[in-house]
Amino acid sequence: MLNQRIEGLRDYPFRRLADLISGATPASNRPPIDLAVGEPRHQPPAFVGDLIDARRDSWNRYPPINGTPEFRAACAAWLTRRYKLPAGMIDPETMIAPSAGSRESLYMAATIAINPDEAGPKPLALMPNPFYQVYVGASVLAGAEPVFLAATKASGFLPDLDALTPEMLDRTQIMYLCTPANPQGAVADFAYLERALKLARKHDFLLVSDECYSEIYSTDVAPTGSLEIAAALGGSLDNLLVCHTLSKRSSAPGLRSGFSVGSPQAINLLNRLRAYSCAATPFPTSDAATALWSDESHVDETRALYRAKFDIAERLLAGRFDFYRPQGGFYLWLNVGDGEVATRRLWAEGGVKVLPGAYLTKHGEGPNPSQPYIRIALVTDLASTEEALTRVAALL
Ligand SMILES: Cc1ncc(COP(=O)(O)O)c(C=O)c1O
């Protein structure tokens, strides 16, 4: 009676992690440090609280589903500054839709893109492997068949676009890309993104570019965004939806605030879908988000903090576990031989909670390519990062 497709989804990685480490209690002299979830635990700027407080008179009003004009304008202005876009390329009224974090728009993207024809073969949804779980759930529940594109060391930790055949591309209705990538931190360059967008246009599918880690990077130059490609190709956002969030950039995962930017047609569909299915962003959240997108100083500080954490990681782990400093994002992706064994051990003996790479990855016939890996999210302060990674280096 109920939806079998939901039943068929694999358990979320953190549920599987809880099962893996259940029964093990870290020694009491080892205060637990949770580096499993990608939840930045730095403090967002204090003005967030002040702005939310200042709008406390708004709880008795329904907020607009497409966000406040100020919010949309702040997003468009940020995109224009960040990606050096031509003035006027991003129309805040027709090209921006708010979302509860980027998760919500990543999910909805599949509903607006996938249109199964009952008589024909199932549409395809392309995604990197490892992947953010929402890509799969959204695609399957919208009626598509997910296709997992290996993003291993051999392909620079990005999906190999050469592996896509014209037949596959013709059946494709959505393709998810993540840059900087979770968990490997690889950044897609201009040529890669240009190729992906041209494929989307040629085969008429929606390219969904998950750029939620765009502001956390260790390179001198900020990661390229898909909008830069759209600008270079003439400015149209056809076949493109880019998802951004304040969760990582502004260390505000609890605010649940993000947005997507895309063609007027896609944004119109998203807003229609939102009207039927979503809770609109509360006014206080919109005001805080507007201020956050308009401020860069807290983002510069946050980026410097992540760099200091990667310095610690490099000092403690370089030369072991195939350590490398990722171009972007805030994860370590370490080859520890057997990710599940290492995860159990780190928890039971070290009180450090990490995630087995296999839980983020789908495998077919052969062994899971991420089975040797663990993912460590550098989301705590400097002192506990140092403490946790010292334990990792000692235990593994
Ligand atoms: C790759 C990726 N995309 C999207 C998200 C969603 O984050 P949020 O909904 O907080 O913006 C996450 C969160 O961890 C993520 O890792």
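How close do the axes of helix α4 and helix α13 come, and at roughly what angle do they cross? To find out in this predicted model, select residues 69–82 for α4 and residues 283–293 for α13, whose axes come within 9 Å and cross at roughly 20°. Since angles under 35 degrees count as roughly parallel, α4 and α13 are therefore roughly parallel to each other, and their crossing is left-handed. Now show the side chains where the two helices meet: Glu70, Phe71, Ala74, Cys75 and Trp78 stand on the α4 side, while Ser286, Ala289, Thr290 and Trp293 belong to α13. Coloured by class, the residues of this contact divide into 6 nonpolar, 2 polar and 1 charged.

Next, select the ligand and the residues around it. The ligand is surrounded by 14 residues, and the closest of them are Gly101, Ser102, Arg103, Thr245 and Ser247. If you then highlight residues 101–113, you will have helix α6, which supplies the largest share of this shell, 4 residues. In the shell as a whole there are 7 polar, 5 nonpolar and 2 charged residues.

Finally, colour the chain by domain, with 4–43 and 298–395 together as domain 1 and 47–295 as domain 2. The centres of the two domains, taken over C-alpha atoms, are 25 Å apart, and where the domains touch, 32 residues of domain 1 are in contact with 31 residues of domain 2. On the domain 1 side, the elements giving two or more residues are α1 (4–8), α14 (297–317) and β9 (331–335), and α14 gives the most, with 7 residues. That side has 14 nonpolar, 11 polar and 7 charged residues.

Terms used
Residues are numbered from 1 along each chain as its sequence is written. This is a predicted model: local features need pLDDT of at least 70, side-chain atom pairs count only at pLDDT 80 or more; totals for chains, interfaces and linings use all residues. A residue is near a molecule or strand if its C-beta atom, placed from the backbone, lies within 6 Å of it. Ala, Val, Leu, Ile, Met, Phe, Trp, Tyr, Cys and Pro count as nonpolar, Asp, Glu, Lys and Arg as charged, and the others, Gly among them, as polar. Axes are lines fitted to C-alpha atoms, for helices over the stretch in contact, and angles run from 0 to 180 degrees between N-to-C directions. Angles under 35 degrees count as roughly parallel, over 145 as roughly antiparallel, 65 to 115 as roughly perpendicular and the rest as oblique. A crossing is left-handed if the near helix is turned anticlockwise from the far one by less than a right angle, and right-handed if clockwise. Two residues are in contact if their C-beta atoms, placed from the backbone, lie within 7 Å. Domain bounds come from an automatic or database domain assignment.
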